[in-house]
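Visitor: I would like to learn how to read a structure feature by feature. Where do we begin?

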Amino acid sequence: MADGSRNDGRSTGSPVVHGFPHLETVRSAITALYRRLSYDGVRGYATSLAPVDAAFSDQDDLHLGAQRVARAVVQHLHLPDARVIVAFRAMEHAAGVELAAGPEYFVELNDRFRTHRRDIGAALSHEVTHVLLHRLGLEFPGTRDNEILTDTVTTYLGAGWLLLDAFREDEVSSQKLGYLTPEEFGYVLAKRALAFDEDPSPWFTSPQAYTAYTKGHAQALQDTRQPPLTAAGWAGRRRYAKDRRHAQDHPGDPAAPGVPYTFEGTPDGLRVSFPCPTCHQRIRVPVRGRVRARCGLCRTVLDCST
C-alpha cells in the first residue's frame, strides 16, 4: 500500500473469516510498534479516538464531513497538520492512499461509502495509519503482513475500534473492513484495553463487533496466564514443571512443542525465556522459583514462578 495502498473491504454477502489465523503476525506488529515508538511514545496514545470525532450522519455534507473526520484521525495519530484530501470513486477495494512526499495526502474511498457514511471513519483510520507508518519508516515485508501491521497499529493506537465496529453479519449479508478477522481486531483492542485500563465496549454500535471483542478479550487474557507467570492455571503449571525437569535432565534438547517458553542452559544455571504478555518481546529470567521481572520494552512488571 505504499503508492495506492489498499484496505480489504468486503462487499455485502462475502464470507467473513473468523478466528485467529494471523495471531503471530499481530503479536510481532505489537512488538515492532513498541520498539519503534518506545514505551513513552506508545503511552502518548492512552486516550482513544472519541466516537463523537468519527460520527458521520446522513445530514452531513459528504466531502466536508469526510475532511472533518480525516482531520480528527490525523490529530489523534499525532501526525503533523497535513491536509488529507478525500475523494470517492468506483473501485474494487474499500480505500487507498497515495504516500507521496506530502505535505498533502490523497485518500480515495469506495463509492459505496457515499451511502455507508457511518463507516467512513473506519476506512480513514486505516488509511491515515498508513501515512503514520510511512513517516515512521515502519513496515513488514509483503502486502499481507504489512496490512496486518497497519490494522494492528491502527487498533493499538486507539483508532481501530472503528474498524471492528464496521463488522456486521447476519443470515443474508456481511461486511468487514481490514485484513484482521473480527476476533483478531477484538484481541488487539483487548490488549490495548489491558495496557491502558480502557473499556471500549460502550462504543460499539454493532452487536457482532461486541461479540468479536469478547472473544478477542478472552484470547488476550490467555496471554497473561501462561507459565511461568504466576497467574497460570494448574494444568499450565504442571506442564511447565514437567518441561523444566526435562530441560534440567536433558540440556540442549529442543523446546517442547506448543508452549510459549523455552529453557536454555547457561554457566550460571538454567534460564527460561517467554514472551511478555503486553508487548510480546521475549524475556529471559533465571530458573530459581519466584522471580519478579520487568520487561525492558514496555515496562510491564511480571510475577513469575520459574
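Guide: Begin with helix 1, residues 23-43. Glu24 and Arg27 sit 3 residues apart there, so about one helical turn separates them. Keep in mind that this is a predicted model.

Visitor: What do Glu24 and Arg27 form, and how far apart are the closest N and O atoms?

Guide: The general idea comes first. Side chains of opposite charge can pair when their charged atoms come close. Here, Glu24 and Arg27 form a salt bridge, with the closest N and O atoms 2.9 Å apart.

Visitor: Is Glu24 buried or exposed?

Guide: Glu24 is exposed, because its relative accessibility is 54% and the cut-off for exposed is over 50%.

Visitor: And Arg27, buried or exposed?

Guide: Arg27 is buried. Its relative accessibility is 15%, and buried means under 20%.

Visitor: Which side chain does Arg27 meet in a salt bridge besides that of Glu24?

Guide: That of Asp223. The N to O distance is 2.9 Å. Arg27 and Asp223 are both buried.

Visitor: Where else can I see a salt bridge between distant parts of the chain?

Guide: Look at Asp303 and Arg292. Their side chains form a salt bridge at 2.9 Å, N to O. Asp303 is in strand 11 (residues 301-305) and Arg292 in strand 10 (residues 290-294), 11 residues apart. Asp303 counts as partly exposed, at 32% relative accessibility. Arg292 is exposed, with a relative accessible area of 61%.

Visitor: How many salt bridges does the count give?

Guide: The count comes to 13 salt bridges.

Visitor: Back to helix 1. Is Thr25 buried or exposed?

Guide: Thr25, found in helix 1, is buried, with a relative accessible area of 15%.

Visitor: What does Thr25 touch, leaving out residues up to four places away in sequence?

Guide: Thr25 touches Phe140, Arg144, Asp145 and Ile148.

Visitor: Next, helix packing. How do I read helix 5 against helix 7?

Guide: Two packed helices are described by the angle between their axes and the distance between the axes. In this model, helix 5 (residues 143-156) and helix 7 (residues 182-196) have axes that come within 9 Å and cross at roughly 35°. The crossing of helix 5 and helix 7 is right-handed.

Visitor: Which residues of helix 5 and helix 7 meet?

Guide: Helix 5 brings Asp151, Thr152, Thr155 and Tyr156. Helix 7 brings Phe185, Val188, Leu189, Lys191, Arg192, Ala195 and Phe196. The residues of this contact divide into 6 nonpolar, 2 polar and 3 charged. Lys191 is one of the residues in this contact, and Lys191 also belongs to the salt-bridge network.

Visitor: Now sheets. What order do the strands of the open sheet have?

Guide: Strands of a sheet pair through backbone hydrogen bonds, either parallel or antiparallel. This open sheet has 3 strands in the order 7-8-9, with antiparallel pairing. Strand 7 (262-266) and strand 9 (282-286) are at the edges; each has a single partner strand, so one side of each lacks a neighbour in the sheet. From one strand to the next, the twist averages 30°.

Visitor: How many bridges join strand 7 to strand 8?

Guide: Strand 7 and strand 8 (residues 269-275) run antiparallel and are joined by 5 bridges.

Visitor: Where does Val287 lie?

Guide: In the loop between strand 9 and strand 10. Val287 is buried, with a relative accessible area of 19%. The C-alpha atoms of Val287 and Phe263 are separated by 8.8 Å, though these residues are 24 apart along the chain. Leaving out residues up to four places away in sequence, Val287 touches Tyr240, Arg244, Phe263, Leu270, Arg271, Val272 and Thr306.

Definitions and conventions:
Residues are numbered from 1 along each chain as its sequence is written. This is a predicted model: local features need pLDDT of at least 70, side-chain atom pairs count only at pLDDT 80 or more; totals for chains, interfaces and linings use all residues. Side-chain values use heavy atoms; hydrogens and water are left out. A salt bridge is a side-chain nitrogen of Lys or Arg within 4 Å of a carboxyl oxygen of Asp or Glu. Helices (H or I, at least four residues) and strands (E, at least two) are DSSP runs, numbered from the N terminus. Buried means under 20% relative accessible area, exposed over 50%, partly exposed in between (1.4 Å probe, protein chains only). Contact means heavy atoms within 4.5 Å. Axes are lines fitted to C-alpha atoms, for helices over the stretch in contact, and angles run from 0 to 180 degrees between N-to-C directions. A crossing is left-handed if the near helix is turned anticlockwise from the far one by less than a right angle, and right-handed if clockwise. Ala, Val, Leu, Ile, Met, Phe, Trp, Tyr, Cys and Pro count as nonpolar, Asp, Glu, Lys and Arg as charged, and the others, Gly among them, as polar. Two strands pair if DSSP finds at least two bridges between them.
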